[in-house]
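Colleague: Can you walk me through this one? I'd like to start with strand pairing.

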Amino acid sequence: MRNFILIIGALGFMQVAFAQQPGMGAPGKVGGGAPAGTYTISGRVQDAASKVALEYATVTVYSSLDSSMITGSITDEKGGFNLPLKGAGEYYIVASFLGYLELKLPSIILTEAIPKATLGVIYLKSDAEAIGEVQIVADRSQMQMQLDKKVFTVGKDLSNTGTNAVDILDNIPSVQVDVDGNVSLRGSGNVQIFIDGKPSGLAGPDALRFLQSDQIDRIEIITNPSARYSAEGEVGIINIILKKDRKQGITGSVSVNTGFPHNHGAGLNLSYRTKAVNLFTSYNLNYRANPGSGFYRQEFFGDSLRILEADREHERAGLGSTFRIGSDFFWKEFNTITVAGMYRYRTNKNNVSLLYRDINADGELLASSDRVEEEDELSHNFEAELNYRRTFKRKGQEFVAVAKWITDDDIEDADITERVLLGSPGDVFQRTYNKEAETNWLFQVDYVHPLPKGIQFETGGRVTLRSIENNYSVEELENGEWTDLSGFVDDFTYYEDIYAVYGILSGQYKKFSWQAGLRSELSDITTISEVLDTQNNKLYVGLFPSVHFSYKFNEENSVQLSYSRRLSRPNFRDLLPFGSYSDSRNFRAGNPDLDPEYTNSFEMGYLRYWKSGSLLSSVYYRYRTGVFTRITVVDEEGLATNFPVNLGEEHSVGVELTVSQTLWKIWTLSAGVNAYYFQSYGTYQGESLDANSLAGNLRLTSKWALPKDFAIQAAATYRSPQQRSQGRSLSMTSLDLSASKELFKKKATLSLNVRDVFNSRVWRSETTTETFTRYDEFQWASRQIILTFAYRFGTQTKQQKRNSGPGDGGGMDEY
């Protein structure tokens, strides 16, 4: 423990020392004798027609003497900005936002007598010829560090065009996606995934593969969530924000893609907005057939050495569609009511072939069989949501109420045939049935109240009610009759009710911002097994404090400290006592008696901007108790079962860096790296499961903007080996290449994407215990080539056109 404290202290000292070095950007030609931070320019940015605040709009300050950039920022959720300057001088402001005409404001003169300029409201007007909000993924150069989250705005990462949410997340720094589509952050899979800030049926591993990239606006990474967020998730929250156009009139986009292996789809996003209402809808249809392969070799040390080898071939083919529709109603200036719904349909045909070979110690083949599973899967998901937002004349005061209903039904029906090629017994015929029905209710209220001297109070409550019914059975054909297979039949029910309240105080004094909060959650979880006639109840109450501090040296340099306490509840599949039966030699199961794990997380971050790039660096430390991890046990017959258990504790410390640099106007390099060291301690049935490892991942991207609106990009990824409780995962590298061309006055984009050029995205691992060793290789999908065409369109309302003069990009009003 002492070594961890020393490491954190040393790294933190280096960050603060680096933060106070002189800026790298070109300073403005300014002077003045007032103290630093006295000179400021502030204002708000809104849509000219609807008067809606434009969050994430860019506001840049230039020197009027030589047009050098002095500082810049993006607007907050109210469209506001407040830019401190180093001294007096003459400046001009440029405001811009994707899909709007850029606006250059007249020069402003700041003096010692008049050190502050309040611009009021800056109105940006929609540009019908501009590129619409249809770019696909997060561009690492467009990253903003806020008090309690990092925001990766929509950018132009070409390697993800025509793909899905899983591929996008896999390109976010420090986010990884495993072979089953499970998402992890900073090396941990205990992360909460939200859609538009709330639970959703679109957030599961399978569903994320059907959430297409042209529906996503931005992604928020919240590594130390404040008390306003759910306490669930050891390493934090990933929030996927879907698109909703802010421009008036009719706007939208349509896209089509095709690829090899089969990857074909089409999508439509459409919006119609007036001052009183905003109607939005989207539809996406896609078909994919992902072939993959795998191999494992298992050596079991019983009375004699027994070896099992298995070659795997699989294909997951499916047709999926998602339909979203909703409306915002703007009522009496301060009220917004949102009604929205979503329906998702998916049908899959999943085929798996396993060739088993049993070998003795001398390498002789004793037995061989070929196991084939053909599975049909059908899934339906409905969501309905009602939101009410009330703002007030007092700036910052707000009340929000949300009600959401989610239902998800999934049916899997499979036929399995295992034919003996050598040895005995004879052929085996089996069938499996799995039906899962889930219902979720969410009720939430939040209230923000400004207090004197820049202090703000926030409070709220949340209730989530979740139930899942799972009917699972495996039958085997014996003497012409189907009979249940013992240990693989059950009706399992899961209830999870969470009740939460929270309070937060926050404030700002000059360059210093702070936030402190406390959340309380009561968890009532029950699992019932009808066949086993067992019931497990878990009832516990937890307090989860959070603290955030930030200090802005200037607009280009800021540092942040944060702490939060979190918990990770076992998910439904971790508690399910049975799992997949595709592989009759290796089973994946749950543990109904799992307890939650708790995490104390500390983090220091430093953000630096300069004229041609940016740097985000973070140092973090996590202490976990009640850690649950999956282990594998092999019985006397050589059959392996993988299931989760609660271990003792874990310490981890890491460093995260994200840097972007434009070398020339046409060439931009970016890199994201996460390196961490952990130590975990625990035992299971007398076996030590202690582990320690230094591990990390790296992503490098090189992007060239060529003449005539051509662009090309190369992105390389490396994941290091990592020790586990029973072995280690091995390294993996991959390379993606992409190219694009803007067409029809930048209203359309044609892009070509080759994912995993060298077909090297293969997961490999080694498992070692006192009774067996195992080596695994698995490739979920082989190399993919995708061609995508996207077209954006939009019309301005008559009112917008009347307000637009020749060369006019907007206007400015006082408060």
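Modeller: Terms first. Two strands pair if DSSP finds at least two bridges between them. Strands are DSSP runs of E, at least two residues, numbered from the N terminus. The model is predicted: local features need pLDDT of at least 70, side-chain atom pairs count only at pLDDT 80 or more, and totals for chains, interfaces and linings use all residues. Residues are numbered from 1 along each chain as its sequence is written, and side-chain values use heavy atoms, without hydrogens and water.

Colleague: Fine. In which sense do β29 and β33 pair?

Modeller: Parallel, over 3 bridges; β33 covers residues 640-646. Asn586 sits opposite Ala640 in β33.

Colleague: What's the strand order in that sheet?

Modeller: β29-β33-β32, an open sheet of 3 strands with mixed pairing. β29 (586-588) and β32 (628-634) are the edge strands, each pairing on one side only.

Colleague: New topic. Which residues make the nonpolar surface patch?

Modeller: Ile250, Val254, Leu268, Leu270, Tyr272, Leu279 and Phe793, with about 530 Å² of accessible area together. Areas come from Shrake-Rupley with a 1.4 Å probe; for residues, only the protein chains shown count as cover.

Colleague: Which element gives the most?

Modeller: β17, with 3 residues. β16 (249-260) and β17 (263-273) are the elements giving two or more.

Colleague: And Tyr272, where is it found?

Modeller: In β17. Tyr272 has a relative accessible area of 37%, so it counts as partly exposed (between buried, under 20%, and exposed, over 50%).

Terms used
Helix = DSSP H or I, 4+ residues; strand = E, 2+ residues; numbered from the N terminus. Patch = residues over 30% accessible without salt bridge, like charges linked within 9 Å, V, L, I, M, F, W, Y side chains within 5 Å. Salt bridge = Lys/Arg side-chain N within 4 Å of Asp/Glu carboxyl O. Buried < 20%, exposed > 50% of the residue type's maximum accessible area, 1.4 Å probe, protein only.
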